[in-house]
Amino acid sequence: MQHLLIIEDDQGKRAVNLYADSGSIGRDVSNSIVLHSKEVSRQHAILLRVPHPGEDDYGFQIIDGNLQGKPSTNGLFINGRRCDSRNLRHGDEIVFGANVKVRYHTAADSEDVQWLLSGSDEAEKYMATLIAAPVDSSLMAESDRPQDAVIARLASFPQLFSHPIIELALTGELTYLNPAAVSQFPTISLAKLSHPILEGVIDAVQAEEKQQFVRHIAVGDRIFEQAFHYIPQSDLIRCYLVDITERKRAEAELQALHDGLEAQVKERTSQLWATAEHLKQEQKALQASYATNRALLNAIPDPMFRISDKGQIVNFSEPKHHTLPFAPSACLKHYLADVLPQPVAAAMQQCITRALATEEIEVLEFQLALDSENRDFEARIVNSSPQEVMAIIRDITKRKQIETEIRHTLERERELNEMKTRFVSMTSHEFRTPLTTILSSAELLKYYGEQWEITKQHQYLQKIQTAATHMTELLNDVLLINKVEAGRMEFNPQPLVLSEFCQEIIEELQITTDRHSLVLRSHLPNTSHHIDRKLMRHILTNLLSNAINYSPSGGEILVTLETTDHDLTLSVQDHGIGIPEAARPTLFESFVRGPNVGTISGTGLGLAIIQKSVELHHGQITFDSTVGQGTTFVITLPVISLSNPTTFSGNLINA
């Protein structure tokens with residue numbers, strides 16, 4: 001029986017084959033199964049292999065949360081109900097967050113499994129059918145409590161371990177090999193109990209009659225310390241191996257050296273007693289110094305190199321974990337130019353020369369490519385002998401990232417301060433005129449209203465109403481741009497006949513001007529497209545209002561609609577004052593206006609609102625302008641199919 005997960009997330013649909021290993025599921029790339037959605041926790045759930053008692057087959061149990069027992073943020077929903085854990089059954093629907101749906105699928109035919117894993121169009125359609133299938137009511141069961149054996153195994157499950165880990169049942173079946181075991185013992189899966197590492201393991205466990213013990217074993221020319229842990233809840237034996245070859249050799253060498261010195265002392269005891277005593281003291285001091293230096297070297301988590309004045313690597317110290325794109329052990333006797341890029345090697349050679357000349361610490365920062373990305377490193381170079389230096393190389397990528405983030409934060413603060421200054425300047429200017437109009441008109445009505453005719457009173461009341469309306473529009477623009485900047489502007493596309501909608505907007509704005517002629521030229525068929533009506537009103541109204549305001553001499557304003565198989569194009573052309581070259585880089589920023597607007601009123605928010613509205617449609621806005629001749633703005637929107645209005649993936653509410 002083969003087990004699969006049919007997954008639908010932000011990157012589409014796919015099938016994942018489940019093997020006998022336990023695994024983690026989540027958004028982080030370190031998980032066994034990666035789900036592509038912001039609603040999924042970094043480590044959302046644990047997937048455990050559960051043997052069926054008395055059978056060769058097994059199933060899988062899913063448990064909400066990570067290996068430390070911390071539950072996921074959005075929970076785990078199985079067959080429509082929130083669950084902490086469950087023994088999975090064929091057809092179970094698992095929902096991570098709101099947008100990631102998974103089906104647990106079992107199949108006896110390996111050809112069917114290979115077909116699903118192929119990723120063909122037919123297989124994808126079939127997976128879509130499986131994902132969309134309704135949940136069988138017989139599967140609507142309460143959560144399964146993890147078995148004691150599973151809990152014990154999970155509690156002992158190592159997250160990351162660079163040494164080999166092997167798990168086997170009392171029957172002799174290998175149930176788990178970590179990557180280090182597979183790498184160091186590639187034939188163990190075939191040899192099983194006949195492999196030297198596992199030879200006599202079951203007998204040793206049964207003979208010891210205790211759950212934990214340690215033994216030493218030789219494999220070829222290597223010596224390993226093998227620690228056994230027997231888990232009675234599941235009749236599993238887990239063994240951990242540590243290569244102690246070098247330690248044993250060092251012990252043997254030290255023992256041999258010690259024996260030689262002792263023999264030498266005994267031979268010369270009668271003649272050189274004082275010398276022998278002195279040698280004993282030197283030996284103790286040497287061992288203490290060796291231990292101290294070794295402890296200091298082991299405490300340093302970074303790779304270290306002894307490098308000659310010519311740039312040749314004469315020795316090294318390699319920690320268990322490092323991020324260098326090469327093995328320090330492979331650099332021995334090589335020159336810097338052989339293992340480092342030429343610019344880095346040249347810069348490091350210069351630092352070595354200065355360190356030998358000045359006897360001061362030299363620091364060099366550089367980048368190396370690792371797994372298709374650049375990582376930052378820092379080399380600290382110090383004089384260790386007349387013709388050698390010691391170089392300690394540390395990965396400072398995270399520090400550099402933090403520095404970059406701080407710079408970006410400071411830049412954002414600067415932009416916010418500039419925006420605040422522009423906002424204060426705009427409001428003080430734009431609100432002063434209508435407020436002055438309102439106050440002066442109200443004062444005139446107060447003192448002279450009874451003496452005026454009704455017609456004249458209405459004129460001043462109209463001025464007050466017009467000024468109040470203008471202030472309301474200014475406030476609405478400020479509130480709208482605040483909503484946009486906060487990411488709370490909603491995108492709700494609905495069927496809309498764009499040509500008819502544009503004609504309505506043109507007719508509304510035409511009555512506001514008698515010096516301009518607003519013309520619509522549409523090449524669209526009389527069909528509907530999925531467009532957010534509210535956002536499109538912001539786009540078209542602001543474009544036409546700008547065209548009218550910045551064309552003080554009047555003239556024709558042309559609105560053109562065109563379409564292709566994939567895009568809708570809306571353009572607005574005027575013959576106004578144009579946009580200076582210096583104003584174009586910041587044209588779409590809030591509260592920014594061109595230097596040639598003169599006394600024409602405006603807030604500098606219209607184009608910022610247009611750009612955000614276009615981005616929510618996943619479209620683009622461009623413009624072409626000549627000062628004194630006019631401007632053409634072109635908006636391109638992708639065509640959303642009416643039969644599949646969910647073309648835009650994800651939650652666009654916070655786009």
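**Confidence and local architecture of the predicted model**

The protein chain averages a pLDDT of 81, and 82% of the residues score at least 70. Helices (H or I, at least four residues) and strands (E, at least two) are DSSP runs, numbered from the N terminus.

The model is predicted: local features need pLDDT of at least 70 and side-chain atom pairs count only at pLDDT 80 or more, whereas totals for chains, interfaces and linings use all residues. Residues are numbered from 1 along each chain as its sequence is written, and side-chain values use heavy atoms, with hydrogens and water left out.

An open sheet of 5 strands with mixed pairing has the order β4-β3-β5-β6-β9; two strands pair if DSSP finds at least two bridges between them. Strands β4 (33–34) and β9 (85–87) stand at the edges with a single partner strand each, so one side of each is left without a neighbour in the sheet. Strand β3 (residues 23–26) runs parallel to β4 and is joined to it by 2 bridges, with Ile25 partnered by Ile33 in β4. Strands β12 (residues 165–169) and β13 (residues 174–177) run antiparallel and are joined by 3 bridges; Glu167 stands opposite Tyr176 in β13. These two strands, β12 and β13, form a hairpin with 4 residues between them, and Gly172 in the turn has a positive phi of about 100°.

In helix α16 (residues 606–616), 8 of the 11 residues are buried, so the helix is largely enclosed by the rest of the structure (buried, under 20% relative accessible area; exposed, over 50%; partly exposed, in between; 1.4 Å probe, protein chains only). The buried residues include Leu607, Ile609, Ile610 and Val614. His618, which follows α16, has a positive phi near 60°.

The structure holds 7 aromatic pairs (ring centres of Phe, Tyr and Trp, its six-membered ring, within 6.5 Å; planes under 30 degrees apart stacked, over 60 edge-to-face, the rest tilted). Trp115 and Tyr126 form a tilted pair, 5.7 Å centre to centre with 50° between the planes.

Technical notes
pLDDT = per-residue confidence, 0-100.
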